[in-house]
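Here is a short report on selected local features of one model.

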Amino acid sequence: MSIQTINPATGKVVKTFSENTREEIYSSIEKTNSAFLLWRETDFHHRSVLMRNAAMILREKKEYYGEILTLEMGKPVSQAITEVEKCAWVCDYYAENAETILREEFIATDASESYVRFDPIGIVLAVMPWNFPFWQVFRFAAPAVMAGNAALLKHASNVPMSALAIEEIFTNAGFPENLFKTLLVGSSVVSEIIDHPEISAVTLTGSETAGKQIGQRCGTNLKKSVLELGGSDPFIVLQDADIDSAVKTAVTARLINNGQSCIAAKRFIVVEKIFGEFEKKFVDAMKKVKVGDPMNRETELGPIAREDLLNELDEQVKKSVELGAAVLCGGNRINREGYYYEPTILSNLKKGMPAYDDEIFGPVASLIKANDSEDAIHIANDSPFGLGASLWTSNKETAKKLAGKIESGSVFINGMVKSDPRLPFGGIKKSGYGRELSHYGIKEFVNIKTVWIK
Ligand code: NAP
């Protein structure tokens, strides 16, 4: 894939970038390693001041950066601006808390003194997706850099302007040159970069396919990896749920980011007793969604990020329908310039259909009927993925019990799944391994070192 910004709202090429040569890649790795060797000696106060500068730049220029995100991948600009603000939040969170989280931990043993310290490990390579071009990068980079590491970014090939903008933010915030470096490269050179001895660890946010390849390569090199992969999150609605509130949230949870979020609710599992009411209200609400130019502040649903992804989405819907799925609304591309797809609800779904088994990355909801709460949990777990889950019920005790039975990295009760710098984020099963955010995230890329003194 060439490294190119194509506006998904028009399908027109905005800018094409040349890929870094092998010499440039190797030279960047060396320079980043030199920056790391100095950076690891700095104290938390110094790091925090710079990280807060980054947060300030993000807030001051949120509209400017927000428009870059929208131009490159088509999310509604209001959501893009919120994404930039959230990046400022994660920078501030780690500027504030990294020192406390990584403070030496004293443990009484047979030594006169023994403790654990958390040392940086070197360069972390980040292979990142286009769907949250700023957030995915900052949620990795803020903790990694605060812990004393350096970062090399290989961003998705369709968001080079975002990738370069992030490097510029780190530079303008006062971080040493090359401590955070963007490489403009395609996915075919990732394995070779992982092999480089100066690369200490890898974090990937992306698809299962990329996860398998990167996980394997890290294994061969005995390098640590964190994999944040796909999801097909269940949104479970029980009989005693507040249906209006569940429906309102269901629409947002499915359509946020134009339906292209790993933690978007994708399978709506509703118990039989309230299925009819939920279905009617859900269909009515989806039909009212404002689809349009993502640069318009009123737009709720913009285009799919790339033409190949639109084709894939259309195929998944068509195949599900061929196998017997019913279309309750939408189900087609929108006949206009750009890569638009209708807000869609499918029902009558069964195992073997893409809309039941696979991740659907677009504005398409899978509506599934369950006999009761036990059956709902069974269906929820009948997925290769295990990222997030949303559960709707007015009984908190039932909710807590069921939360323990759901196979996922998080369960949100009476709310949509979201990420928050204070809470760990990640998945199980084919959604990957490792955690980002909170104190768990920052400890993924440190050397947890025991010191024992007689
Ligand atoms: P993707 O195709 O896997 O791409 C992600 C990144 O990996 C890109 O930089 C891509 O580079 C690179 N890549 C792709 N194939 C590779 C390979 N075989 N070896 C090495 N690198 C490779 O995923 P995407 O379409 O951009 O993103 C959507 C996926 O990400 C969805 O499955 C979504 O659920 C998942 N996601 C997960 C999370 C989470 O936190 N769990 C968050 C967001 C998204 P190129 O662009 O150059 O191909």
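## Asn 381 at a helix end

Asn 381 is found in helix α13, residues 373–381. Helices here are DSSP runs of H or I with at least four residues, strands are runs of E with at least two, and both are numbered from the N terminus. The model is predicted: local features need pLDDT of at least 70, side-chain atom pairs count only at pLDDT 80 or more, and totals for chains, interfaces and linings use all residues. Residues are numbered from 1 along each chain as its sequence is written, and side-chain values use heavy atoms, with hydrogens and water left out.

Asn 381 counts as buried, at 17% relative accessibility. Buried means under 20% relative accessible area, exposed means over 50%, and partly exposed is in between, for a 1.4 Å probe and protein chains only. Which residues does Asn 381 touch, not counting those up to four places away in sequence? They are Lys 405, Ile 406, Glu 407 and Lys 429. Contact means heavy atoms within 4.5 Å. Asn 381 and Glu 407 are 26 residues apart in sequence, yet their C-alpha atoms are 5.9 Å apart in space.

## Helix α6 against α3

Helix α3 (residues 62–73) packs on helix α6 (residues 160–172) at an angle of about 155 degrees. Their axes are 9 Å apart. Axes are lines fitted to C-alpha atoms, for helices over the stretch in contact, and angles run from 0 to 180 degrees between N-to-C directions. The two helices are therefore roughly antiparallel. The classes are: under 35 degrees roughly parallel, over 145 roughly antiparallel, 65 to 115 roughly perpendicular, and the rest oblique.

α3 passes α6 in a left-handed crossing. A crossing is left-handed if the near helix is turned anticlockwise from the far one by less than a right angle, and right-handed if clockwise. From α3, the contact uses Tyr 65, Ile 68, Leu 69, Leu 71 and Glu 72. From α6 come Pro 160, Met 161, Ser 162, Ala 165, Glu 168 and Ile 169. By class, these residues are eight nonpolar, one polar and two charged. Nonpolar covers Ala, Val, Leu, Ile, Met, Phe, Trp, Tyr, Cys and Pro; charged covers Asp, Glu, Lys and Arg; the others, Gly among them, are polar.

## Helix α6 against α2

Helix α2 (residues 44–60) also packs with α6, at an angle of about 125 degrees and with axes 8 Å apart. That makes α2 oblique to α6. This crossing is right-handed.

Met 51, Ala 54, Ile 57 and Leu 58 in α2 meet Ile 169, Phe 170 and Asn 172 in α6. The contact has six nonpolar residues, one polar and no charged ones.

## Glu 167 in α6

Glu 167 is found in helix α6. Is this residue buried or exposed? Glu 167 is buried, with a relative accessible area of 18%.

A polar atom of the Glu 167 side chain lies 2.6 Å from the backbone nitrogen of Thr 182. Leaving aside neighbours within four places in sequence, Glu 167 is in contact with Phe 180, Lys 181 and Thr 182.

Most residues other than glycine have a negative phi. Asn 257 has a positive phi of about 60 degrees. Asn 258 also has a positive phi, near 60 degrees.

Asn 257 lies in the loop between α9 (243–255) and β11 (265–271). Asn 258 lies in the loop between α9 and β11. Asn 257 counts as buried at 1% relative accessibility, and Asn 258 is buried at 0%.

Key. Polar contact = N/O pair within 3.5 Å; in protein donor to acceptor, adjacent residues only side chain to side chain.
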